[in-house]
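We will go stop by stop.

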Amino acid sequence: MTVNTQPVTERPDPRAFGLPVVEQAQIPAELRSLVARVHDLVDAVANTEADTDTLAEAAATVEGVTGRLNVARRQIGTMVQRDLQSGDVEYGTITNIVSGDTNPAAPPLLLERTPEGLRGEVTLNTVYQGPPGLVHGGWIAALLDQAVGSVSAVETTPGLTAKLEVNYRRPTPLFTPLEVTAEVDRVEGRKVFVSGRIRAHGEVTAEATALMVQVRIPGTETQQG
Ligand SMILES: CCCCCCCCCC(=O)SCCNC(=O)CCNC(=O)[C@H](O)C(C)(C)COP(=O)(O)OP(=O)(O)OC[C@H]1O[C@@H](n2cnc3c(N)ncnc32)[C@H](O)[C@@H]1OP(=O)(O)O
């Protein structure tokens, strides 16, 4: 990471903006178990060749369960607070499609701090398939977007992706541990230039460069530039 000529603003607490925050430890084990079961269910549904009676019975069962769960729903924008092994605190939406703790559609990608930036591992099944046996290109971009967005948030302050350029160098395989890394390259005022990579078997399959623009936080415009 190159020199930042602007002071880094203290990481904002989403509660100050009226967003509910759930600490990771407060998520019940029963909900985590349900998320994992539904994650497996999506894969089973996507691939099943069961007979029609079984399909009809499963649809009715799932419809009933969905109705029971929908009785109480979270507020849109609910955040989860994660305490990283490094001691850093990270906030993200609890249903984030890539990393959300309660989203059964999320792989999920869990990232931890390294001396260079962030690193995580994820293995994707056929739910994320594009070409036969390979990860969908849009999902590759999503993994990279999440990684560069998170590293920007952890090392500076949260921002939105203004520009993301993905270079697909090699096919990215399913059912293979993928290493995802991201780092901050430089900071210019509110602009954070970041980069990220996906590796399979140690070989880079995709890489991205991106521009994150830090969100304007009331009262901090002077520091943010
Ligand atoms: C919370 C922890 C974890 C978070 C992880 C999340 C990962 C996922 C991230 C996402 O998916 S974000 C969702 C996708 N992105 C968006 O929806 C963003 C939509 N775009 C916007 O909302 C605005 O365009 C944006 C906030 C990016 C910028 O608007 P601003 O009004 O704040 O910026 P402004 O126009 O003042 O420009 C500030 C600087 O950035 C530059 N800039 C802004 N947009 C740009 C762009 N698109 N391309 C190049 N440069 C850009 C602009 O030229 C200027 O440079 P200078 O300071 O040098 O003059």
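Select Glu179. This is a predicted model, and in it Glu179 is partly exposed, with a relative accessible area of 21%. Glu179 sits in strand β7 and Arg199 in strand β8 (residues 191-200), so the pair ties together parts that are 20 residues apart in sequence. Arg199 is partly exposed too, at 23% relative accessibility.

Next, select Glu203 and Arg170. Their side chains meet in a salt bridge (3.6 Å, N to O). Glu203 belongs to strand β9, Arg170 to the loop between β6 and β7, and 33 residues separate them. Glu203 has a relative accessible area of 43%, so it counts as partly exposed. Arg170, at 46%, is partly exposed as well.

Stay in the loop between β6 and β7 and pick Thr176. Is Thr176 buried or exposed? Thr176 is buried, because its relative accessible area is 9% and the cut-off for buried is under 20%. Show its side chain: a polar atom there lies 3.0 Å from the backbone oxygen of Leu174.

Now go to Asp13 and Arg15. They form a salt bridge, the closest N and O atoms being 2.8 Å apart. Asp13 is partly exposed at 29%, and Arg15 is partly exposed at 40%.

Then select Arg32, Arg82, Glu90 and Asp101 together. Salt bridges link these four in a network. How many salt bridges does the count come to? The count is 13.

Time for the ligand. Which of the 14 residues around it come nearest? They are Tyr91, Asp145, Thr161, Arg190 and Lys191. Zoom in on Arg190: a polar side-chain atom lies 2.6 Å from an oxygen atom of the ligand. At Ala162, a polar backbone atom is 3.2 Å from a ligand nitrogen. At Arg216, a side-chain N or O atom is 3.2 Å from a ligand oxygen. Taken alone, the ligand exposes 1,200 Å², and the protein buries 49% of that.

Color α3 (137-155), β6 (159-168) and β9 (203-214): these elements each give two or more residues to the shell around the ligand. The largest share, five residues, comes from α3. By type, the shell holds six nonpolar, four polar and four charged residues.

Last stop: the surface. Select Leu34, Val65 and Leu69, which make a nonpolar patch of about 220 Å². Leu69 is in helix α2 (residues 52-69). Leu69 is partly exposed, at 46% relative accessibility.

Definitions and conventions: Residues numbered from 1 in each chain as written. Predicted model: local features only at pLDDT ≥ 70, side-chain atom pairs only at ≥ 80, totals over all residues. Heavy atoms only, no water. Near = heavy atom within 4 Å. Polar contact = N/O pair within 3.5 Å; in protein donor to acceptor, adjacent residues only side chain to side chain. Areas by Shrake-Rupley, 256 points an atom, 1.4 Å probe, with all protein chains shown as cover. Helix = DSSP H or I, 4+ residues; strand = E, 2+ residues; numbered from the N terminus. Nonpolar A, V, L, I, M, F, W, Y, C, P; charged D, E, K, R; others polar. Patch = residues over 30% accessible without salt bridge, like charges linked within 9 Å, V, L, I, M, F, W, Y side chains within 5 Å. Buried < 20%, exposed > 50% of the residue type's maximum accessible area, 1.4 Å probe, protein only.
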